[in-house]
Amino acid sequence: MNDFIKAYAKFEIRLREMMVAVCGNMCGMCTACCCRADICEEACDSAFLQLLLKRQGFTEFDFDDHYGWLETAGCRLEYGRPPVCYEYFCDELIEAMPDDHFRETMRRAGLLIDDIGRNALGDIHLTEIRNPTDLEQVSVERLFQRLEKANVELTEIFQSLEKGLQGLE
Ligand code: SF4
Ligand code: SF4
């Protein structure tokens, strides 16, 4: 699982950088931030995301009951965020995107991280497994295959959105 954790973190950083390039200006200025402590808390309840948090040196004591992982400069988690953090785009953000192709592509990008962990243990998503011992039953080989697919798709998305994202790849 350790090698997968490393590779997943690398992918999430790549995805996050693209999201920041597209949404960073608007989200950075937003006064109605959609981050919520109960969403942040999902990272604390997840056995898998806990491993990613530990890798960054976070412990349960770093979690703020009121603000979760959010601070004035944005989310403190470089990786290990709940998948929903990449899936949600508010109406203002959607409207600010240049065209429908761009919107559809960004929506697809937002689902990539969710795809990796889908049905990891029966119908349970990888990030929804709470018991660390249950993680041992997950097929790491299948996770790697999904991760590879997501990496390929993210590269295609970078290429498809090339205009406006130059310099990231
Ligand atoms: S997605 Fe919308 S509501 Fe959420 S931080 Fe960005 S601009 Fe604000
Ligand atoms: S992006 Fe970070 S601060 Fe915002 S909801 Fe997700 S984990 Fe919390």
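View 1. A7 is partly exposed, with a relative accessible area of 21%. The cut-off explains the label: buried means under 20%, so a residue at 21% falls into the partly exposed class. The structure shown is a predicted model. Helix α1 is the element that holds A7. Look across to F144. Between A7 and F144 lie 8.4 Å in space, C-alpha to C-alpha, although the two are 137 residues apart in sequence.

**View 2. L15, a buried residue of helix α1.** L15 also has its place in helix α1. Is L15 buried or exposed? L15 is buried, with a relative accessible area of 0%. Now find I113. L15 and I113 are 98 residues apart along the chain. Their C-alpha atoms are separated by 8.4 Å.

**View 3. The largest nonpolar core.** This core has 45 residues. L15 is among those with the most contacts inside it, together with F11, M18, F48, M106 and L126. Which elements give two or more residues to this core? They are α1, α2, α3 (47-55), α5, α6 (100-117) and α8 (140-160). Helix α1 gives the most, with nine residues. In soluble globular proteins, nonpolar side chains tend to be buried together.

**View 4. A43 in helix α2.** A43 lies in helix α2. Its relative accessibility is 0%, so A43 counts as buried. G57 is 14 residues from A43 in sequence. In space, A43 and G57 are 14 Å apart, C-alpha to C-alpha.

**View 5. The largest pocket and its lining.** How much space lies in the largest pocket? The volume is about 1100 Å³. The lining of this pocket is made of 34 residues. C27, C33, C34, C35 and R81 lie nearest the centre. Several elements give two or more residues to the lining: α1 (2-29), α2 (37-45), β1 (70-71), β2 (74-75), α4 (84-87) and α5 (91-96). Helix α1 gives the most to this lining, with eight residues. By class, the lining has 25 nonpolar, four polar and five charged residues.

View 6. Where is ligand 1? The space it takes is the largest pocket. The residues around ligand 1 are C27, C30, A32, C33, C34, C90 and L93. What classes make up this shell around ligand 1? Seven residues are nonpolar, with no polar and no charged residues. Two of the names return from the pocket view: C27 and C33 are among the residues nearest the pocket centre.

View 7. Ligand 2 sits in the largest pocket.

**View 8. N119 and its backbone.** N119 is in the loop between α6 and α7 (132-135). What is the phi of N119? Phi is near 50 degrees, a positive value in a residue other than glycine. Most residues other than glycine have a negative phi. How open is the site of N119? N119 is partly exposed, with a relative accessible area of 37%.

Conventions: Residues numbered from 1 in each chain as written. Chains lettered and ligands numbered in written order. Predicted model: local features only at pLDDT ≥ 70, side-chain atom pairs only at ≥ 80, totals over all residues. Heavy atoms only, no water. 1 Å grid on protein atoms, 1.4 Å probe; cavity = no way out; pocket = protein on both sides within 12 Å on 5 of 7 lines; lining within 4 Å. Points joined across faces, edges and corners; volume = space filled by probe spheres on them. Helix = DSSP H or I, 4+ residues; strand = E, 2+ residues; numbered from the N terminus. Nonpolar A, V, L, I, M, F, W, Y, C, P; charged D, E, K, R; others polar. Near = heavy atom within 4 Å. Sits in = over half its atoms within 2 Å of the grid points. Core = buried A, V, L, I, M, F, W, Y, C linked by side-chain atoms within 4.5 Å. Buried < 20%, exposed > 50% of the residue type's maximum accessible area, 1.4 Å probe, protein only.
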